[in-house]
Amino acid sequence: MPSDPTVPRVAHRRAAVAAAREALTGLASVLWQAQGADLGRVFREVDDLSRAVEAARVAVLAEAVDRGETSTSAVSMGSAGVGWVCEHAPTLAANGGAARLFRVVTDTMTASRGATDAGTTQPHPLRAALVDGRVQVSNAAVCLNEMARLHPQLTPAAVPAVWDAYLTLAMVAGPGEIRGL
């Protein structure tokens, strides 16, 4: 694939990630300098960064799964894929975070919204919402669980509408509201 000089290279993105990590190191020691309203803005900026980090994790893991990189891992966590996540993102090893992330990524790779009028399947919009940072992994996991529970009771024509409702809720609500649909 030819290289386009206008497209950032992965090395540039990694440098930006390192710069963001460095900028956050020691943030607590300078927060006293912020005015009251500025604390809210800083908090929002950190929250936006957190959402972007989660979206990046989804994108990187999906690429690793696509390439077969997750099929072997030195870390044993029940599956090679979950072990790969723990090996490269040790903060996800606690509380089932690695298993949840791996499941959401792999399930949204294979899931579809349902059949179109032409009988073909569409890529799952939940995947795009995860990679764009519009839906958090925890909400996506709830949507997948709920849809797996409901799917046998739905007519094929209803599946896309139900997925759309779950996706809409996942962008604006929490797990409890999603389960209540």
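**Salt bridges and a nonpolar patch**

R41 and D38 join their side chains in a salt bridge, 2.5 Å from N to O. A salt bridge here is a side-chain nitrogen of Lys or Arg within 4 Å of a carboxyl oxygen of Asp or Glu. This is a predicted model: local features need pLDDT of at least 70, side-chain atom pairs count only at pLDDT 80 or more, and totals for chains, interfaces and linings use all residues. Residues are numbered from 1 along each chain as its sequence is written, and side-chain values use heavy atoms, without hydrogens and water.

**Salt bridges**
- The whole structure holds six salt bridges.
- R41 and D38 sit three residues apart in helix α2, about one turn. Helices are DSSP runs (H or I, at least four residues), numbered from the N terminus.
- R41 is partly exposed because its relative accessibility is 47%; D38 is partly exposed at 26%. Buried means under 20% relative accessible area, exposed over 50%, partly exposed in between (1.4 Å probe, protein chains only).
- R103 pairs with D107 at 3.1 Å between the closest N and O atoms. Both lie in helix α4 (residues 97–110), four residues apart.
- R134 bridges to D132 at 3.3 Å. D132 is exposed at 52%, while R134 is partly exposed at 36%.

**Nonpolar patch**
- L24, V46, L49 and V53 form a nonpolar surface patch of about 270 Å². Patch residues have over 30% relative accessible area and no salt bridge; nonpolar side chains (Val, Leu, Ile, Met, Phe, Trp, Tyr) are joined within 5 Å, like charges within 9 Å.
- Helix α2 (residues 36–67) gives the most, with three residues.
- L24 belongs to helix α1 (residues 10–24).

How values were computed:
Areas by Shrake-Rupley, 256 points an atom, 1.4 Å probe, with all protein chains shown as cover. Helix = DSSP H or I, 4+ residues; strand = E, 2+ residues; numbered from the N terminus.
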